[in-house]
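Biologist: I have a structure open and want to learn how to read it. Where do we begin?

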Amino acid sequence: MSYEVLHLEPDEHVILIIRKHWIVFAGYGITLLFAAFLPFILLMAVRIFLPALLNISLPGNNSALFLFFYTLFLLALWVSFFIDWTKYYLDVWYVTEKRIIAIDQKHIFDREVSNLHFDKIQDITLDVHGFIPTLLGFGNIKVQTASEDSREFYITTIRHPDEIRRVIFSQQNKMADNR
Amino acid sequence: MDLPPLTLPTLPHINLSFFINTPVLMIVLVLFFIAYIIISAVLFYHWTSYGMRSAGILVGETLFTLVSVVLFVVAGLAIHYF
């Protein structure tokens with residue numbers, strides 16, 4: 001991987017990459033998978049409840065016509081899937097020895113990059129709420145800064161939030177010891 | 001008094017071959033392809049600029065391109081066999 005875009009200092013390295021749990025993205029993927037079968041479900045429903053609609057004669061090869069429009073529909077779903085995947089994949093926190101670089105990819109054209117230096121971090125709150133988050137080990141993290149313009153940084157549905165908090169606190173302690 | 005039996009007016013006959021024919025399907029495919037190219041360019045820009053050449057991005061790019069090509073070929077073949 002190349003971290004040029006993060007503009008790291010010469011002695012700075014990425015030690016942890018924090019990304020949301022795949023379950024967030026899987027939900028959208030399953031929805032699209034269901035949508036891919038929707039034309040067949042609709043066709044079945046029409047065949048059962050409104051069979052007269054199927055008597056409309058269309059020119060040319062009907063199967064080829066259905067395949068053409070169905071392929072375009074699948075392409076639209078495929079593109080939509082990758083738009084969502086891009087938002088998921090680029091919404092990430094990089095933890096270095098000195099700071100957290102929080103990249104919030106809200107939408108495809110809405111991207112916010114923030115830096116949280118460890119000496120400014122006041123508290124980290126983690127929240128694992130519910131049966132499925134506990135089972136799959138994901139939750140939310142809130143980082144509060146102690147700067148003049150006290151801010152809070154959130155990342156939701158991340159894997160192993162307790163481990164991430166441990167790493168951040170450990171780096172914060174290391175920085176405090178080195179000072 | 002007997003009322004005349006109710007009859008619905010006959011619907012005008014629509015010749016669908018005017019709307020659904022090979023040139024029209026070709027135009028639909030070309031318009032779709034143009035929209036696809038624009039959206040793909042946006043996605044590739046994001047992947048190149050912010051993806052940091054990670055393995056996940058490379059897999060995503062390859063999968064996106066390969067499946068898209070297959071689907072466009074199938075759409076083209078569907079027009080051929082229409």
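**Reading the fold and the interface**

Modeller: Begin with how far apart in sequence the contacting residues are. In chain A, 54% of the contacts with a separation of 6 or more join residues 24 or more positions apart. Keep in mind that this is a predicted model.

Biologist: Which secondary structure elements does chain A have, and in what order?

Modeller: Count first, then read along the sequence. Chain A has four helices and seven strands. Their pattern is β-α-α-β-β-β-β-α-β-β-α.

Biologist: What percentage of the residues in chain A is buried?

Modeller: Burial is read by counting neighbours. Of the 179 residues in chain A, 17% are buried.

Biologist: Now the interface. How many residues of chain A and chain B are in contact?

Modeller: One general point first. The size of an interface is often given as the accessible area lost when the parts come together. Here we count residues instead. Chain A brings 25 residues into contact with 28 residues of chain B. The chain A side holds 20 nonpolar residues, five polar and no charged.

Biologist: How do helix 2 of chain A and helix 1 of chain B pack?

Modeller: Read the angle, then the distance. Helix 2 (residues 62–90) of chain A meets helix 1 (residues 22–50) of chain B at about 15°, and the axes are 11 Å apart. Angles under 35 degrees count as roughly parallel, so these two helices are roughly parallel. The crossing is left-handed.

Biologist: Which residues make that contact?

Modeller: From helix 2 of chain A, they include Phe68(A), Leu72(A), Leu75(A) and Phe82(A). From helix 1 of chain B, they include Phe32(B), Tyr36(B), Ile39(B) and His46(B). The residues of this contact divide into 13 nonpolar, two polar and no charged.

Biologist: Last, the backbone. Which phi does His7(A) have, although it is not a glycine?

Modeller: His7(A) has a positive phi of about 55°. His7(A) sits in the segment before strand 1 (14–19) of chain A. It is exposed, with 10 other C-beta atoms within 10 Å.

Biologist: And where is Thr157(A) found?

Modeller: Thr157(A) lies in strand 7 (residues 152–159) of chain A. Thr157(A) is not a glycine, yet its phi is positive, about 45°. Thr157(A) is partly exposed, with 17 other C-beta atoms within 10 Å.

Note on methods. Residues are numbered from 1 along each chain as its sequence is written. Chains are lettered from A and ligands numbered from 1 in the order in which they are written. This is a predicted model: local features need pLDDT of at least 70, side-chain atom pairs count only at pLDDT 80 or more; totals for chains, interfaces and linings use all residues. Two residues are in contact if their C-beta atoms, placed from the backbone, lie within 7 Å. Ala, Val, Leu, Ile, Met, Phe, Trp, Tyr, Cys and Pro count as nonpolar, Asp, Glu, Lys and Arg as charged, and the others, Gly among them, as polar. A residue is buried if 20 or more other C-beta atoms lie within 10 Å of its own, exposed if 12 or fewer, and partly exposed in between; C-beta atoms are placed from the backbone. Axes are lines fitted to C-alpha atoms, for helices over the stretch in contact, and angles run from 0 to 180 degrees between N-to-C directions. Angles under 35 degrees count as roughly parallel, over 145 as roughly antiparallel, 65 to 115 as roughly perpendicular and the rest as oblique. A crossing is left-handed if the near helix is turned anticlockwise from the far one by less than a right angle, and right-handed if clockwise.
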